[in-house]
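Good morning, everyone, and thank you for making the time. Please have a look at the sequence and the model on the screen, and then I will walk you through a few places in it.

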Amino acid sequence: MSKYYEYRHTVGFEETNMVGNVYYVNYLRWQGRCREMFLKDRAPAVLEDLQQDLKLFTLRVDCEFFAELAAFDELCIRMRLTELAQTQVQFGFDYVRLDESGETLVARGSQRVACMRGPNTRTTPARVPEALAKALQPYA
């Protein structure tokens, strides 16, 4: 098994700017999409918990760029677990362009998430759900 969860994406025109390269905010959107698809594929019980009172708050997000992407580039966003604490999780993301010459790392990012529970006016930190911790184990 790979040490990362992989989400594949083809860049569209709507994700590029007037110059023709990918607008930076899309890298952050793809992190969120990768995380969502991970929950759908590997931790559906957490999705059910999100329908109750679990909340996942993104505390910090970053991305470092190494090369540009353009429309119709094939991309893999590879997510791995970099830290699992009592109430928080940190993910690392590698953005890899796929083409006939192989794979090229074009960006690297991270995201820190806090688990919270309770009504919106009284939300408090909560332990990382067991289903999420278990689903993340292979990606540490």
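**A walk through the predicted model**

Let me begin with Arg 78, which is buried, since its relative accessible area is 9%, where buried means under 20% relative accessible area, exposed means over 50% and partly exposed lies in between, with a 1.4 Å probe and protein chains only. Residues are numbered from 1 along each chain as its sequence is written, and side-chain values use heavy atoms, with hydrogens and water left out.

Arg 78 sits in strand E3, residues 74–84; helices (H or I, at least four residues) and strands (E, at least two) are DSSP runs, numbered from the N terminus. Which side chain is joined to that of Arg 78 by a polar contact of 2.8 Å? That partner is Glu 6, and by a polar contact I mean a pair of N or O atoms within 3.5 Å, where within protein one must be able to donate a hydrogen and the other to accept it, and where residues adjacent in sequence count only if both atoms are side-chain atoms. If we set aside neighbours within four places in sequence, Arg 78 is in contact, meaning heavy atoms within 4.5 Å, with several residues, among them Tyr 4, Tyr 5, Phe 93, Asp 94 and Glu 103.

Stepping back to the chain as a whole, the protein chain has three helices and six strands, and read from the N terminus these elements follow the order β-α-α-β-β-β-β-β-α. For 140 residues a compact globule would have a radius of gyration near 14 Å, and the protein chain, at 16 Å, agrees with that; the radius is taken over C-alpha atoms, and the globule rule is 2.2 Å times the number of residues to the power 0.38. Along the principal axes, the C-alpha atoms fill a box of roughly 45 × 35 × 20 Å. Of the 140 residues in the protein chain, 45% are buried, and among contacts with a separation of 6 or more, 65% come from residues 24 or more positions apart.

Beyond four places in sequence, Phe 38 is in contact with residues including Tyr 5, Met 79, Leu 132 and Tyr 139. Its C-alpha atom is separated by 18 Å from that of Asn 26, twelve residues apart along the chain.

Leu 56, in strand E2, is also buried, with a relative accessible area of 19%. Apart from neighbours within four places in sequence, Leu 56 is in contact with Leu 39, Leu 50, Val 113, Ala 114 and Cys 115. The C-alpha atoms of Leu 56 and Thr 87 are separated by 10 Å, and these two residues are 31 residues apart along the chain.

Turning to the loop between strand E1 (5–10) and helix H1 (25–42), we find Asn 21, which counts as buried at 16% relative accessibility. Its side chain makes polar contacts with the side chain of Asn 17, at 2.7 Å, and with the side chain of Glu 68, at 2.9 Å. Not counting residues up to four places away in sequence, Asn 21 touches Glu 15, Thr 16, Glu 68 and Leu 69.

Gln 88, in strand E4 (residues 88–99), is partly exposed, with a relative accessible area of 23%. A polar contact of 2.6 Å joins its side chain to that of Arg 112, and beyond four places in sequence Gln 88 touches residues including Leu 59, Glu 83 and Val 128.

Finally, in the loop between strand E2 (54–65) and E3 we come to Phe 72, which is exposed, its relative accessible area being 55%. Phe 72 has a positive phi of about 75° although it is not a glycine. Most residues other than glycine have a negative phi.

Terms used:
Predicted model: local features only at pLDDT ≥ 70, side-chain atom pairs only at ≥ 80, totals over all residues.
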